[in-house]
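Try each task yourself before you read its solution.

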Amino acid sequence: MAQMKFMCDAERCIECNGCVTACKNANDVEWGIQRRRVVTLNDGEASEMSISVACMHCDDAPCMAVCPTDCFYKTDDGIVLHDKDLCIGCGYCLYACPFGAPQFPKQNAFGERGKMDKCTFCAGGPAESKEEEYQKYGSNRIAEGKLPLCAEMCSTKALLAGDAQDVADIFRQRVVHRGHPDGAWSNNPQASTDNLAYDAARKG
Amino acid sequence: MNLLTAQLPGRAPRSGKGLTLGIWRCMLVAFVLVLSLGFTQVAVAQADPDREMSSAAPGITAEQWRQVRSGETGPNFRDSRHESTYNLINASGETWRILRNRWVSPFGLIAIIGMAAVITLFYVIVGRKQLDEPRTGRKLFRWSLFMRSLHWTVATLFITLALTGLNLLYGKFVFRSLFGDAFWGWMISASKVLHNYLGPIFGILLIVLLISLLKDNIPKKQDWVWFKKAGGLTGKHHPDAGFANGGEKAWYWLLATVGLVVVASGFVLDFPNFNQSRDTMQWANIIHAVGALGLTAVALGHIYIGTVGTEGSLEAMTTGYVDETWAKEHHNLWYEEVKDQAITEEELAARKSGDSSGDISASRPS
């Protein structure tokens with residue numbers, strides 16, 4: 001089975017916010033919620049860098065580990081989904097998530113947040129019918145054999161989505177062509193391009 | 001081009017030598033032009049990945065990833081999300097997860113189950129603390145109706161908050177597989193709603209309770225002796241105690257410190273509408289959980305001593321009156337102060353039936 005992953009190539013992202021818009025459109029997301037966001041560091045400086053972030057569908061997902069209702073589950077494709085019928089809106093997933101992916105429609109007194117919403121990798125969620133699924137979680141493009149719309153519509157192909165191996169292959173190719181000896185992950189010239197998960201303890 | 005023109009002499013020479021030089025210059029200019037044309041072509045052909053390296057924006061450096069990892073935002077940080085206060089990577093989330101899942105959660109359970117086990121063992125081995133002397137049948141007034149109502153309201157809220165809180169921390173390991181998703185969903189949702197709405201009421205009433213009891217819980221010298229004698233567990237005689245003994249005062253001050261910290265951190269978690277950051281709420285959650293689990297464990301002791309653990313204690317908080325013997329044995333200094341106010345059971349019955357609100361107006365004679 002595939003291990004679905006997103007990857008944003010920060011050297012290609014031009015901060016067009018096309019992914020944000022595509023996501024909102026594909027999933028008909030509630031007003032005020034953006035499942036995907038684009039973050040720009042050092043805006044206007046020489047070191048400016050933009051990166052598109054949403055749920056990264058972690059292997060060891062912190063949201064899953066801290067959820068008091070145990071409403072998260074992982075599909076066979078490694079996509080982290082959650083059951084809105086079980087969600088109580090406690091916000092713990094938000095405290096734990098490294099990417100700020102979980103969002104809540106409300107933020108009121110007495111911890112009234114509503115049901116958590118996050119990127120589903122365009123894989124919908126648990127529901128009785130297709131209509132209910134779309135209404136609660138947005139589109140299920142994975143079921144139709146399509147990849148998430150954000151990545152599909154990315155104009156510079158900075159945002160990649162798909163099986164981890166395919167994504168890594170594409171990125172490795174780019175890195176090699178760019179001439180970074182180590183995949184741009186560190187300044188260590190000895191790090192291997194073929195091994196993106198560079199182990200610093202091995203000293204090259 | 002400036003370099004080339006600079007090399008031209010001020011007056012153009014008319015000699016043959018000058019002409020050859022002119023042709024050379026023309027060829028050089030043409031060469032430069034062709035060369036620059038070539039560069040433009042390269043710039044257009046950026047789709048060729050081999051060339052991307054020479055013309056793309058400078059690569060992302062390790063320094064930038066360090067900046068991401070540090071969570072530093074700075075004035076030139078932009079987030080496309082409306083009113084976002086998030087950094088790019090919430091690194092503290094993992095710290096919180098480890099603290100909560102690997103430390104607070106297992107050790108909280110150990111504390112509570114350990115306390116329950118110690119109490120059970122104590123009850124089995126030592127048994128109930130009976131009154132040494134027979135009851136005299138004469139009663140002393142100890143708790144007003146107001147204090148009893150306040151106590152039982154706070155107690156009920158405490159137990160509800162403890163059970164719902166424990167469900168939020170441990171429930172998923174037990175009840176989801178036990179009851180199935182439909183009931184579990186309802187159960188955990190009810191837990192959260194009860195916890196969030198009753199919490200503030202508990203907080204306010206706890207403060208009222210602490211203020212009402214402050215006078216009786218000022219630490220005195222005899223409390224130190226009480227603790228040295230472990231509240232009478234060692235030795236034959238009860239150590240000296242006023243209206244509240246050392247143990248009661250310790251429970252009071254635990255609630256006045258840890259209890260208030262739990263209430264305060266609970267308010268931070270319960271009102272996200274003040275836009276407190278994730279980091280604030282992570283710490284509030286850890287403090288809240290550690291404090292609440294500790295208080296729950298100690299509360300088991302308080303509940304044991306107040307109910308099955310000690311003969312004659314529970315009636316103080318239910319009827320408001322205690323037996324003279326109980327007062328003499330457990331609170332000898334207080335007994336000395338109020339012993340002349342003791343009434344018989346008949347007088348008590350008459351007082352209760354005659355005027356049900358009698359003990360509201362009666363001031364506690366301590």
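The exercises below go from one chain to the contact between two chains, and the model they use is a predicted one.

**Exercise 1. Sketch chain A.**
Work out how many helices and strands chain A has, and in what order they come.

*Solution.* 
Step 1: Count the elements. Chain A has 6 helices and 6 strands.
Step 2: Check how much of the chain is tucked away. Of its 204 residues, 43% count as buried.
Step 3: Look at the contacts in chain A with a separation of 6 or more. Residues 24 or more positions apart make up 51% of them.

**Exercise 2. Look down a helix.**
Find which residues of helix H1 (residues 18-27) of chain A are buried, and decide how they are arranged around the axis of H1(A).

*Solution.* 
Step 1: Use the cut-off: a residue is buried if 20 or more other C-beta atoms lie within 10 Å of its own. Cys19(A), Ala22(A), Cys23(A) and Asn27(A) of H1(A) are buried.
Step 2: View H1(A) down its axis. The buried residues fall within an arc of 105°, so they line one face of the helix.
Step 3: Recall a handy rule. An α-helix has 3.6 residues a turn, so residues three or four places apart point the same way.
Step 4: See what the buried residues of H1(A) pack against: strand E3 (49-53), helix H5 (149-153) and strand E6 (159-163) of chain A.
Step 5: Step just past H1(A). There, Asp28(A) has a positive phi of about 55°.

**Exercise 3. Bring in chain B.**
Describe the contact between the two chains, starting with how many residues each one gives.

*Solution.* 
Step 1: Count both sides. Chain B gives 52 residues and chain A gives 50.
Step 2: Find the top contributor in chain B. H7(B) gives the most to the side that touches chain A, with 7 residues.
Step 3: Sort that side of chain B by class. You get 21 nonpolar, 17 polar and 14 charged residues.
Step 4: Strand E2 (residues 37-41) of chain A and E1(B) run antiparallel, joined by 2 bridges. Thr40(A) has Arg78(B) as its bridge partner in E1(B).

**Exercise 4. Check a record.**
Say what the chain looks like over residues 142-320 of chain B.

*Solution.* 
Step 1: Read the label. UniProt, in an unreviewed entry, lists these residues as "domain: Cytochrome b561 bacterial/Ni-hydrogenase".
Step 2: Look at the model. The stretch is 77% helix and 0% strand.
Step 3: Compare the ends. The end C-alpha atoms are 6 Å apart.

Notes. Residues numbered from 1 in each chain as written. Chains lettered and ligands numbered in written order. Predicted model: local features only at pLDDT ≥ 70, side-chain atom pairs only at ≥ 80, totals over all residues. Contact = placed C-beta atoms within 7 Å. Helix = DSSP H or I, 4+ residues; strand = E, 2+ residues; numbered from the N terminus. Nonpolar A, V, L, I, M, F, W, Y, C, P; charged D, E, K, R; others polar. Pairing = 2+ DSSP bridges. Buried ≥ 20, exposed ≤ 12 C-beta atoms within 10 Å, placed from the backbone. Arc of directions from axis to C-beta. UniProt positions renumbered as here; feature names shortened; annotations may be inferred.
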